[in-house]
Amino acid sequence: MNPTAQVAASLFSELTGASPDSIWSAPGRANLIGEHTDYNEGFVLPFAIEHRTYAAVGRRDDGIIRVASTFDPNPVEVAIVELSALFGGAAGEAVQAGSVPEWAAYPLGVAWAALARVPNSAVTGVDIAIASDVPIGAGLSSSAAIEGATAAALDELWSLDLSLLDMAKIGRTAENQAVGAPTGIMDQVSSIMGEYDAATFLDCRSYETQPVDLGFAREHLSVLVIDTKVKHSHSTGGYGERRASCELGARTLGVSALRDVTVADLERAKTLLDDVTFRRVAHVVTENQRVLDTVDTLRAEGPRAIGGLLVASHVSMRDDFEISVPELDTAVSAALDAGAVGARMTGGGFGGAAIAVVEVDKLDDTKAAVADAFDRAGFVEPHQFTVTPSHGVLRDA
Ligand code: ADP
Ligand code: MG
């Protein structure tokens, strides 16, 4: 068994004195391209990574749901009938302050959202023990991983008969309403539906998905993640402001979402929007086009041809959306200088990680060049590791 799955199984046994009925896992994800396009009903191209979160689960014969994580020595226990009182308030006023620790709102929120989606299911109590090797808060969506693992485990245990898309929606509902983080659905879809050496092209309006072959393995390319260790927070600050700017832009341009604005419309948009709002809109509109171009380029020319699109995405986030930080800019330029095919910051911004597509045999030199550039700039040494486009939700035991 995978060592982290084993940790989840051991935690389950400590919690209950028994073995789990099953262990399910879901991966983290990296986003190849398409940043801040999801909540604008646009396009994204993420891929699942091999780092995973495991949920070991077992039935209880009462109506209690209990969650434990290697994160926290104290398990959290709630009666299933209390879940809606806990999370069912108006969006944004969920999790009555302090009633459960924030981490527990992810799995408990998934249970609540799953039951809301399949009303009148007669469900048993459940114990859930969670262990993960997805880096937390590094832009790799440990949150979607914990949601996906929990949703898949509960789907089977409670016989909910959910589709993969249902599970993704449940994860998002949990994250938006139980945790209070206003994120789109990209993370959950890419975590749950990932396929080996492929990305998931997602239309965030229709929720249609298509696997897109990456060919990284075949072409001896690797994805280097450069975690700057600069912490971001989704719940506060800049992320919400960017969303508000996008909504203002769409309203002013008379569309329901920026998805409906094309690159050709930008000239007119410039005359209607203030400078800051225009640049926020320009990022989203050009980024949508870059996602479409990346899909076409991967299919027509293969992965070595997408470098320019990745770099253009970074520049757009740095200059127009203004969500980069000096550490991310340094990571990208050092990787490119060392010969990376392409590089860009990834995730919500204001910290977290950059990714670089690198020839496998240039990996060590690239890492050394990045570490050196950080050292010269006086930044904390970044954590660098590779990720392999990997499969989505799985039953591990
Ligand atoms: P990211 O998704 O980029 O890693 P988020 O802030 O969206 O960052 O989600 C991280 C949060 O998800 C953690 O602070 C914690 O509350 C929760 N979480 C993720 N993995 C686990 C885990 N294995 N056990 C408990 N909580 C987790
Ligand atoms: Mg997250």
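Reply: Let's start with a term: two strands pair if DSSP finds at least two bridges between them. Strands (E, at least two residues) and helices (H or I, at least four) are DSSP runs, numbered from the N terminus. Residues are numbered from 1 along each chain as its sequence is written, while chains are lettered from A and ligands numbered from 1 in the order in which they are written. The model is predicted, so local features need pLDDT of at least 70, side-chain atom pairs count only at pLDDT 80 or more, and totals for chains, interfaces and linings use all residues, with side-chain values based on heavy atoms and hydrogens and water left out.

Now for the sheet. Four strands make an open sheet, ordered β9-β10-β8-β11, with antiparallel pairing. At its edges sit β9 (342-345) and β11 (383-387), each pairing on one side only. From one strand to the next, the twist averages 20°. Zoom in on β9 and you'll find it joined to β10 (residues 353-359) by four bridges, the two running antiparallel. Arg344 stands opposite Ile355 in β10. Across β9 and β10 lies helix α10 (residues 307-319), running at about 25° to β9. Angles here run from 0 to 180 degrees between N-to-C directions, and axes are lines fitted to C-alpha atoms, for helices over the stretch in contact; contact means heavy atoms within 4.5 Å.

β3 (residues 64-69) and β4 (residues 72-79) pair in the antiparallel sense over five bridges. They form a hairpin with two residues between them, and Ser69 stands opposite Asp72 in β4.

Over to the helices: α3 (residues 102-117) packs against α5 (residues 164-179) at about 125°, their axes 8 Å apart. That makes the two oblique to each other, a label for angles that are not under 35 degrees (roughly parallel), over 145 (roughly antiparallel) or 65 to 115 (roughly perpendicular).

Last stop, Thr294, which lies in helix α9 (residues 275-301). Thr294 counts as buried because its relative accessibility is 0%; buried means under 20% relative accessible area, exposed over 50% and partly exposed in between, with a 1.4 Å probe and protein chains only. Leaving aside neighbours within four places in sequence, Thr294 touches Leu32, Ile33, Leu45, Ile306 and Leu309.
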